[in-house]
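Take a look at the chain below. This report walks through a few of its helices and one annotated region.

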Amino acid sequence: MAESDVDLESEQYEKHREAGEILAQVREEAADRVEVGASHLEVAEYAEDRIRELGGKPAFPVNISIDEEAAHATPSIDDESTFGEEMINLDIGVHVDGWLADTAITVDLSGNPELAEASEEALAAALEVVEPGVETGEIGAEIEDVIDGYGFNPVVNLTGHGLGHWEQHTSPNIPNRAVSQGTTLEVGDVVAIEPFATDGGGKVTEGASEEIFALEREGSVRNRQARDALDQITEEFRTLPFATRWLETGRAEMALRRLKRNDIVHGYPVLKEDDGYLVSQKEHTLIVTEDGCEVTTR
């Protein structure tokens, strides 16, 4: 490999590392709070508040996905849901000045430890092969191989991704299966690898509920609450996803409906497998280095 001119000690990488360090701690603390009877909202707010206490900011609302849910589920403002004997995925993000880290863990209260293990082992296998020059399709092949070996399916229409400045999902995509057309990783790439394993068919579809939104474009609205919401979104969250419950304006749901109708924000519907199936997830963020990778969220 030619020597790279990327400075991995520069400020942006230090901020990625700081975000990862905060996140590793918060992930473990939040996972410890997941037990039968505990409140979804309390766990989400605990993690989000703890991120702020430790000097970061949430990069997106804490995702709490239950059983067949895979992504984009977060508690509503007056959510009374509690955990049961279920498979629970926590997906948490932190940013420091817009430089991100993203991580996920499965807490299995459903009695299906092998499914949780499949995504965890798949991630470990993927991290082993990361180095400059590796194709993302090869990483996907490792993930698919491990999950297949457990007798489960990878979720093929969800991928890992690059992390940009104030951007939660950038290229390259890291597939969860073998693909022939991939991207070559380079020194300095910051990527999140996130295998999803399921005992279902391996494709998620959009559900009806939506609690997470992000700014689509700058715009103006006449309604006062919608205007207040938009001010907070552009100043505080910029292009990162946010939860309805984070908005400080009165009648936040109505304000969001107006912004959505004007194509100023877009929503993220909950993504799920077919009813009756389970999904597990494990995710780390890493920086590609000269001789492999540095996992920031370990």
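Helix H4 has buried residues: Thr 136, Gly 137, Ile 139, Gly 140, Ile 143, Val 146 and Ile 147. The model is a predicted one. What covers these buried residues of H4? The cover includes one helix and several strands, listed here.

| Element covering buried residues of H4 | Residues |
|---|---|
| helix H3 | 113–129 |
| strand E5 | 153–154 |
| strand E7 | 167–174 |
| strand E8 | 190–193 |
| strand E9 | 196–198 |

H4 runs over residues 136–149. Its length can be checked. At 1.5 Å a residue, the 14 residues of H4 should span 20 Å. The C-alpha atoms at the ends of H4 are 20 Å apart, so the two values agree. After H4 comes Gly 151. The phi of Gly 151 is positive, near 85 degrees.

Now the wider region. UniProt, in an unreviewed entry, places the feature "domain: Peptidase M24" at residues 14–202. Over residues 14–202, the chain is 34% helix and 29% strand. The end C-alpha atoms of this stretch are 36 Å apart.

Next, a helix pair. Helix H5 covers residues 224–237, and helix H6 covers residues 252–261. Their axes come within 8 Å and cross at roughly 80 degrees. Angles of 65 to 115 degrees count as roughly perpendicular, so H5 is roughly perpendicular to H6. From H5, the contact uses Gln 225, Ala 226, Ala 229, Leu 230 and Ile 233. From H6, Met 254, Ala 255, Arg 258 and Leu 259 take part. By class, this contact of H5 with H6 has seven nonpolar, one polar and one charged residues.

How values were computed
Residues numbered from 1 in each chain as written. Predicted model: local features only at pLDDT ≥ 70, side-chain atom pairs only at ≥ 80, totals over all residues. Heavy atoms only, no water. Axes fitted to C-alpha atoms, helices over the stretch in contact; angles between N-to-C directions. Helix = DSSP H or I, 4+ residues; strand = E, 2+ residues; numbered from the N terminus. Parallel < 35°, antiparallel > 145°, perpendicular 65-115°, else oblique. Contact = heavy atoms within 4.5 Å. Nonpolar A, V, L, I, M, F, W, Y, C, P; charged D, E, K, R; others polar. Expected span 1.5 Å × (residues − 1). Buried < 20%, exposed > 50% of the residue type's maximum accessible area, 1.4 Å probe, protein only. UniProt positions renumbered as here; feature names shortened; annotations may be inferred.
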